[in-house]
Amino acid sequence: MVMHAKGRRRRWPFAQGSGRYLALTSVLLAVSLVASLLWPSLVTTLVTVLLAVLWGLVMFFFRDPERVPPDGGGQFLSPADGRVVAVLPTVQQRFPGGDTLQVGIFMSILDVHVNRSPIAGRVRSVEHVPGRFLQAFRPEAAEVNEHNFIALQNGPTSVLVKQIAGILARRVVCWAREGDGLEAGQRFGIIMLGSRVDLFLPPDVEVLVKPGDKVRGGQTIVARLRPR
């Protein structure tokens with residue numbers, strides 16, 4: 001069953017779960033504005049300005065724009081906004097057969113933080129692994145930092161997505177659960193304040209990106225199945 005509440009068509013322009021942060025900062029800003037009007041001073045003005053900046057940052061951090069994934073079969077979409085930092089063959093024990101092609105994407109603090117499904121498929125498993133909180137761009141961060149594994153299956157095609165926490169992104173959230181059905185480009189989670197997402201693909205796919213490329217979650221095609 002597709003999780004329509006977390007799908008592509010929504011009117012709320014902010015990420016799921018952001019309501020409490022937006023509400024808190026909005027209330028604080030409103031109280032500060034009232035206080036600055038009732039008791040005008042340098043202190044109340046400064047506090048109001050700082051809270052206004054914080055409110056704007058929270059709005060920016062939790063933005064969740066609509067994305068329309070490209071049509072077509074046999075393609076793999078980027079699970080995150082950011083910059084490609086790695087494209088390499090590797091061995092991942094959680095991937096069927098072990099051999100896989102890894103595409104690493106670094107999400108800066110300026111990128112959209114919502115993660116999206118690279119394919120249409122069924123969630124085979126979700127696994128949370130505790131760990132450290134190194135800077136996400138460091139090569140060892142992908143192995144030792146706290147992370148989530150989300151395994152997806154569409155017929156014979158397997159995909160593994162790894163949400164990796166960073167030095168600022170100490171909260172990795174996955175809304176998908178084992179057995180859920182996801183559409184291509186559908187939202188499945190978020191990493192607070194950016195970090196890194198690794199995508200593990202079948203080893204024989206045709207890769208369409210390289211390190212340094214900018215990608216958009218749910219829109220950029222990072223790889224395709226080769227014709228058989």
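The structure is a predicted model, in which local features need pLDDT of at least 70, side-chain atom pairs count only at pLDDT 80 or more, and totals for chains, interfaces and linings use all residues. Residues are numbered from 1 along each chain as its sequence is written, and side-chain values use heavy atoms, with hydrogens and water left out.

The chain holds three helices and 14 strands. These elements are DSSP runs numbered from the N terminus (helices: H or I, at least four residues; strands: E, at least two). Of the 228 residues, 50% are buried. Buried means under 20% relative accessible area, exposed means over 50%, and partly exposed lies in between (1.4 Å probe, protein chains only). Contacts were defined by heavy atoms within 4.5 Å. Among contacts with a separation of 6 or more, 71% join residues 24 or more positions apart. The chain exposes about 11,400 Å², and carbon and sulfur atoms supply 63% of this area. Accessible areas come from the Shrake-Rupley method with a 1.4 Å probe; for residues, only the protein chains shown count as cover.

The interior was examined next. A nonpolar core is a set of buried Ala, Val, Leu, Ile, Met, Phe, Trp, Tyr and Cys residues joined through side-chain atoms within 4.5 Å. The largest such core has 28 residues. F76, V159 and L201 have the most contacts inside it. At least two residues of this core come from each of several strands, including strand 3 (99–107), strand 7 (157–164) and strand 11 (195–201). Strand 3 gives the largest share, four residues. Leaving aside neighbours within four places in sequence, L201 touches F76, F95, T100, L101, V103, V159 and A223. A second, separate core has twelve residues, among them A15, F61, V114 and M192.

On the surface, V34, L38 and W39 form a nonpolar patch with about 350 Å² of accessible area together. Patch residues have over 30% relative accessible area and no salt bridge; like charges are joined within 9 Å, and nonpolar side chains (Val, Leu, Ile, Met, Phe, Trp, Tyr) within 5 Å. V34 sits in helix 1 (residues 19–38). V34 counts as partly exposed because its relative accessibility is 46%.

Charged pairs came last. Side chains of opposite charge can pair when their charged atoms come close. A salt bridge is a side-chain nitrogen of Lys or Arg within 4 Å of a carboxyl oxygen of Asp or Glu. By this rule the chain has eight salt bridges. In one of them, R116 meets D64 (3.4 Å, N to O). This pair links distant parts of the chain: R116 is in strand 4 (residues 114–116), while D64 is in the loop between helix 2 (42–61) and strand 1 (75–77), 52 residues apart. Both R116 and D64 are buried.

R187 bridges to E66, with the closest N and O atoms 3.5 Å apart. R187 lies in strand 10 and E66 in the loop between helix 2 and strand 1, so this pair ties together parts that are 121 residues apart in sequence. R187 is buried because its relative accessibility is 1%. E66, at 40%, counts as partly exposed. A network of salt bridges links D64, E66, R116 and R187.

E127 and R94 form another salt bridge (2.8 Å, N to O). E127 belongs to strand 5 (residues 121–129), and R94 to the loop between strand 2 (82–91) and strand 3, 33 residues apart. E127 is partly exposed at 33% relative accessibility, and R94 is partly exposed at 36%.
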